[in-house]
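Visitor: I would like to learn how to read helix packing and ligand contacts. Could you take me through an example?

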Amino acid sequence: MTQSAPTFLDPRTLTVLITGASSGIGAATARRFASAGARVIALARRKDRLEALKAEFGDLIHTAELDVRDLEATRALVAGLPEGFSRFNVVFANAGLAMGLEPTWEARDEDWATMVDTNIRGMLNTVAATLPQMVGQGEGHLVFTGSVAGDYPYPGGNVYGGTKAFVKQFALNVWADTAGTGVRVTNIEPGMVETEFSVVRFRGDAGAAGNVYADMAPMTGADIAEQVFFACTVARHVNITRIQAMAGQQGFSPFSVKRGQR
Ligand code: NDP
Ligand code: 8X3
């Protein structure tokens, strides 16, 4: 059998809907696709941040304010997309956050609720509002932002890691449903990426957030955007099911042994 070179989709054929596009991984992914000529629907709660994207890329970008926790607003937004953006064929369900790093028994109820409502319910709302259209048109790609925290435990990761384990298993189950429909599914599972993630996790404490990335080289939003771009532009007969990447200086810890404790 002759070996042919891998082929890639023309990004100019893609219309990419991104939640959490106002900063970090989502903003970098919006830039990656728009700079390659794709159209991008950039969504987040902070509309002013989205305007910077609009200023950079003009007509390739459509921005709108959206809180993914609101299912009806998400459905209405998708139903009302303007001409040129309404036939999206990539959805990046990326909006999410961690709140707090306390041990389980000291964690705040409201933080757990915010993480579950955003990372699980908000992600499901995004899928509910977009997947039927992509299955109907027989072409699409659903990309999720999971995390290494969905595979590996760490102290203080309790509900955040639980939400990302949900995202991973849900992504795999969606792929079990969509395989053969023309809709691809990918779960992106990063380790340490320096974004506003840790500032949010530590409630605006920039010092605590900075310590997370001190004296090491974390991944950047652009590093993750490149992975999303690859998964979405690889030839249609390929489905990249999961991409897990860690910073080069981020390894694993041995099991902890609590000697002398009962
Ligand atoms: P950022 O804090 O920089 O970005 C988070 C994005 O999510 C923002 O655009 C924010 O926009 C949006 N968002 C949060 N809540 C909502 C909401 N209710 N409705 C709509 N948008 C919302 O962090 P990252 O870029 O790092 O985070 C993106 C994803 O990556 C998250 O799912 C996170 O869990 C995941 N991740 C991050 C890693 C890291 O180390 N940074 C590693 C692994 C995964 P706005 O506030 O304007 O609404
Ligand atoms: C974010 C990565 O390791 O901080 O999902 O939980 S980690």
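**Helices and ligands, step by step**

Guide: Gladly! In H1, the residues Gly 24, Ile 25, Ala 28, Thr 29, Arg 32 and Phe 33 meet a set in H8 made up of Gly 221, Ala 222, Ile 224, Ala 225, Glu 226, Val 228, Phe 229 and Cys 232. Sorted by class, this contact of H1 with H8 has nine nonpolar, three polar and two charged residues. Please keep in mind that the model is predicted.

Visitor: At roughly what angle do the axes of H1 and H8 cross?

Guide: Helix H1 spans residues 24-35 and helix H8 spans residues 221-233; their axes come within 8 Å and cross at roughly 55°. H1 and H8 are therefore oblique to each other.

Visitor: Is the crossing of H1 and H8 left-handed or right-handed?

Guide: H1 passes H8 in a right-handed crossing.

Visitor: How would I read H4 and H5 by their axes?

Guide: Angles under 35 degrees count as roughly parallel. Here the axes of helix H4 (residues 109-137) and helix H5 (residues 158-178) cross at roughly 15° and come within 8 Å. That angle makes H4 roughly parallel to H5. H4 passes H5 in a right-handed crossing.

Visitor: Which residues in H4 and H5 meet?

Guide: From H4 come Trp 112, Met 115, Val 116, Asn 119, Ile 120, Met 123, Leu 124, Val 127 and Leu 131. Their partners in H5 include Tyr 160, Lys 164, Phe 166, Val 167 and Phe 170. By class, the contact of H4 with H5 has 14 nonpolar, four polar and one charged residues.

Visitor: What does H4 do with H3?

Guide: Helix H3 (residues 71-79) packs with H4 at an angle of about 35°, and their axes are 9 Å apart. The crossing of H3 and H4 is right-handed. On the H3 side you will find Leu 71, Thr 74, Arg 75 and Val 78, which meet Asn 125, Thr 126, Ala 128, Ala 129 and Thr 130 in H4. This contact of H3 with H4 has four nonpolar, four polar and one charged residues.

Visitor: Now for the ligands. How many residues surround ligand 1, and which are the closest?

Guide: Ligand 1 is surrounded by 29 residues, and the closest are Ser 22, Ser 23, Arg 45, Tyr 160 and Thr 195. For polar contacts, look for pairs of N or O atoms within 3.5 Å. A polar side-chain atom of Lys 164 lies 2.9 Å from an oxygen atom of ligand 1. From the backbone, an N or O atom of Gly 191 lies 3.3 Å from an oxygen atom of ligand 1, while a polar backbone atom of Val 193 is 3.0 Å from a nitrogen atom of ligand 1.

Visitor: And which residues are around ligand 2?

Guide: Ser 147, Val 148, Ala 149, Tyr 154, Tyr 160, Gly 191, Phe 197 and Arg 201 are around ligand 2. The side chain of Ser 147 has an N or O atom 2.5 Å from an oxygen atom of ligand 2. For Tyr 154, a polar side-chain atom lies 2.5 Å from an oxygen atom of ligand 2. Tyr 160 also has a side-chain N or O atom 2.6 Å from an oxygen atom of ligand 2.

Key: Residues numbered from 1 in each chain as written. Chains lettered and ligands numbered in written order. Predicted model: local features only at pLDDT ≥ 70, side-chain atom pairs only at ≥ 80, totals over all residues. Heavy atoms only, no water. Axes fitted to C-alpha atoms, helices over the stretch in contact; angles between N-to-C directions. Helix = DSSP H or I, 4+ residues; strand = E, 2+ residues; numbered from the N terminus. Parallel < 35°, antiparallel > 145°, perpendicular 65-115°, else oblique. Left-handed = near helix turned anticlockwise from the far one by under 90°. Contact = heavy atoms within 4.5 Å. Nonpolar A, V, L, I, M, F, W, Y, C, P; charged D, E, K, R; others polar. Near = heavy atom within 4 Å. Polar contact = N/O pair within 3.5 Å; in protein donor to acceptor, adjacent residues only side chain to side chain.
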